[in-house]
Amino acid sequence: MGAHHGNAPVKRPGTRRRRLIWSLISVILVAAIAVGGVFTYRQLTEPDPLPPGTPGRPAPIAFTPVINPVSANAPEPTAPGITKAIAQSLKSPALGTLTGQISDSLTGTVLWSQGAERPRTPASNAKILTASAVLLALPHDQRLTTSVLAGPGGQVILKGAGDPTLTAQPPGVESFYTDPGRTSALADQIKRAGIDPTSVAVDLSAYSGPTMDPTWSRGDIAGGDIAPMESLMVDGARIKPLDEYSPRVDDPGVTAGQALARALGVSTDVTEQTAPAGARTVAQVTSAPLVTRVDDMMRFSDNVEAEALSIELARSQGEPATLAGGAQAVLKVLNANGFPTAGAKLQDSSGLSYGNLVPASLLDTLMGAASGPIGSDSPAQAHAAKMRPMLDGLPIAGGTGTLADRFDARTNPGAGWVRAKTGTLTGVSSLTGIVQTVDGRVLSFALMSGGTSPADARPALDAIPGDLRECGCR
């Protein structure tokens, strides 16, 4: 017999065989139970067989959203029909002194007019002139390029191109404007170029003249309405980049330079200087296309973007790159395209100034042109093709932009069917846009009210296109 050491148990081969057999039996039983469970589940959950001859299951419904164009054969409204439809709303004392015009977009026929040739303060309805002129004269895909140039001794010079949509928001973080260039991208390009920056300067030479119109109040900067117009700024010079009504900074160019300096880790003061001729470009970013920038300007009634667009237009027309040059260029382009600018005066291109004077007839004519038939058989149809993108930026009644909290759907049938540009100054309220009637006809309108509180005038103005939505006006 072999030696037995201590108390170690003696291992028996038969015991191991029995354990193995019981393990195999357990696995087989578990598998059998699982198979049985699956079989039972299928028996309980499978539907009863369909009777012979039952049609097969139809294909899933495919949802493909489309925008159906309005019919060219929609019933034609008449002047008496329009007058009758809006008669009650016109009696509202909240309208104060009202001038206006309503037209058929398809034919261009004026259907109602009241003092429409009288020049009035348009407030932000002046942006309709700016948007129209810019879209008529400039390539719709035009972008602005903000550059960084190499200066002496490790200095980098941030050169503005008149793009207020440039953002200092970090990569991937939302910005106020659509698809802007970013200072973070400029910083990345500078680093990849192997430059170790020692200082940052800003070149603001793309604009000239005063940065503020003499009719603007410096208080408008703190109020968020405007900023000193310099050719370089970030986030529209807003102190709070995502707040539409944020106060603006007093020194947009230097503030933009400081944003780049932070991204580069440069702590020296930002200075202003003109880049040397022939300086090497080490980084650049581009703005969104022109149509996108016009869209942002219209939807949010952005005064800074409006002024920047007008100066961009001025430079293309050989006018000075100034605030006054921008306003002059707007009227110049409209006049050259055959629009009736007689009596119109623009002190600025945003509508912030009380010095602007525009007749309702011009506003309605421009809106009618943008919403009229597209083609190339006539100048009017060619204008429509170029101006049509302006409609995309118009706020939707009760839905977007400056009309988001107007046109209560419970009381105003125009909600969702009216697209219009608002205009508000103290004692001034204006509304210009389009509405589709229940018969599918598109009407353009321009309404200018004065002498009453905007809080009272707005719902009174809104009632008029609401009337037009409900009527066939025949």
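Q: What surrounds Arg120, and which residues does Arg120 touch?

A: This is a predicted model. Some context for the whole chain comes before the residue. The protein chain has 13 helices and twelve strands. Of its 474 residues, 49% count as buried. Among contacts in the chain with a separation of 6 or more, 67% are between residues 24 or more positions apart. The chain exposes about 22800 Å², and 56% of that comes from carbon and sulfur atoms.

Arg120 belongs to strand S3, which covers residues 119-120. The residue is buried but forms no salt bridge. The nearest side chain of opposite charge is that of Glu117, 13 Å away. A salt bridge would need a side-chain nitrogen of Arg within 4 Å of a carboxyl oxygen. A polar atom of the Arg120 side chain does lie 3.1 Å from the backbone oxygen of Thr97.

Thr97 is also one of the residues that Arg120 touches, leaving aside those up to four places away in sequence.

Elsewhere in the chain, five strands form an open sheet with mixed pairing, in the order S7-S6-S5-S4-S8. Its edge strands, S7 (271-272) and S8 (281-286), each pair on one side only. Within this sheet, strand S4 (residues 145-150) runs antiparallel to strand S5 (residues 155-159), and four bridges join the two. Leu149 has Ile157 in S5 as its bridge partner.

How values were computed: Residues are numbered from 1 along each chain as its sequence is written. This is a predicted model: local features need pLDDT of at least 70, side-chain atom pairs count only at pLDDT 80 or more; totals for chains, interfaces and linings use all residues. Side-chain values use heavy atoms; hydrogens and water are left out. Buried means under 20% relative accessible area, exposed over 50%, partly exposed in between (1.4 Å probe, protein chains only). Lys and Arg count as positive and Asp and Glu as negative; His and the chain ends are not counted. A polar contact is a pair of N or O atoms within 3.5 Å; within protein, one must be able to donate a hydrogen and the other to accept it, and residues adjacent in sequence count only if both atoms are side-chain atoms. Contact means heavy atoms within 4.5 Å. Accessible areas come from the Shrake-Rupley method with a 1.4 Å probe; for residues, only the protein chains shown count as cover. Two strands pair if DSSP finds at least two bridges between them.
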